[in-house]
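Please look over the structure below before reading on.

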Amino acid sequence: MNVTETIQKMGVVPVVVLNDAKDAAPLAKALCEGGLPCAEVTFRTDAAEESIRIMATEFPEMFVGAGTVLTVEQVDRAVAAGAKFIVSPGFDPEIVDYCLSKEIPVFPGCITPSEVSQAVKRGLKVVKFFPAEQFGGVATIKALAAPFTGVKFMPTGGVNAKNLESYLSCDKIVACGGSWMVKGDLVKAGKFDEIKALVEEAVQLVASIRK
């Protein structure tokens, strides 16, 4: 399977913020055991690069990507650490073009017709839609998808267990990014059993929506 097919199969991509790399292995274990061996580790913290390396090395079955990527240098660091895909919050032509030149799967944030046009121009088939809820959610995605028939979206931002069905019921959405099952306070408190339980619930929810 290619990257998009893998993400679509998951239905939900856990968006992870790690402040300490020591939490990477137990979190990866909880995600795998919960049935969602996938993570978008955000480059918002100093621990991101090492966390990706730990997850990718110790849990080779995991599908690990880097999120909140803002520079080409971060792309290089993330990929060297083992990231299989890059996600950026907005559409940065330099980052997108660099990833495409290196054949690195990239999902840039697109919330306007102009940004989606830039993605289409470069042959991208899937883009991030962020922050999803603040920019109109499913209604906006459907409106954007109408003229751009070949594009699908990965909404992130405000997506949770309560509104997941409204998103995944839309055929223009490949998967949703979400952090409700990997909340920072649970990670910080070492409550990985709780995280595993929330991940299991998310997996069951996706299965019930897509049945």
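Which residues line the second largest pocket?

## The second largest pocket

This is a predicted model. In it, the second largest pocket is lined by Asn2, Val3, Thr4, Pro105, Val106, Phe107, Gly123, Leu124, Lys125 and Val126. Helix H1 (3-10) and strand E5 (106-108) each contribute at least two residues to this lining.

By type, the lining has six nonpolar residues, three polar and one charged. The volume of the second largest pocket is about 200 Å³.

## The largest pocket

The largest pocket holds about 250 Å³ of space. It has 20 lining residues, and Val15, Arg44, Phe130, Thr156 and Ser179 are the closest to its centre. Strand E1 (12-16), strand E2 (38-42) and strand E8 (176-178) are the elements that supply two or more residues to the lining.

Seven residues of the lining of the largest pocket are nonpolar, nine are polar and four are charged.

## Lysine 128

Lysine 128 is part of strand E6 (residues 126-129). Lysine 128 counts as buried because its relative accessibility is 5%, and buried means under 20%.

Leaving out residues up to four places away in sequence, lysine 128 touches Glu40, Val87, Ser88, Phe107, Pro108, Gly109, Cys110, Met154 and Thr156.

## The largest nonpolar core

The largest nonpolar core has 81 residues, of which Leu27, Met55, Met62, Ile86, Phe153, Leu164 and Ile195 touch the most other members. Helix H2 (residues 24-34) gives the most to this core, with seven residues.

Apart from neighbours within four places in sequence, methionine 62 contacts Ala28, Leu31, Cys32, Pro37, Cys38, Ala39, Met55 and Lys84.

Notes:
Residues numbered from 1 in each chain as written. Predicted model: local features only at pLDDT ≥ 70, side-chain atom pairs only at ≥ 80, totals over all residues. Heavy atoms only, no water. Core = buried A, V, L, I, M, F, W, Y, C linked by side-chain atoms within 4.5 Å. Buried < 20%, exposed > 50% of the residue type's maximum accessible area, 1.4 Å probe, protein only. Helix = DSSP H or I, 4+ residues; strand = E, 2+ residues; numbered from the N terminus. Contact = heavy atoms within 4.5 Å. 1 Å grid on protein atoms, 1.4 Å probe; cavity = no way out; pocket = protein on both sides within 12 Å on 5 of 7 lines; lining within 4 Å. Points joined across faces, edges and corners; volume = space filled by probe spheres on them. Nonpolar A, V, L, I, M, F, W, Y, C, P; charged D, E, K, R; others polar.
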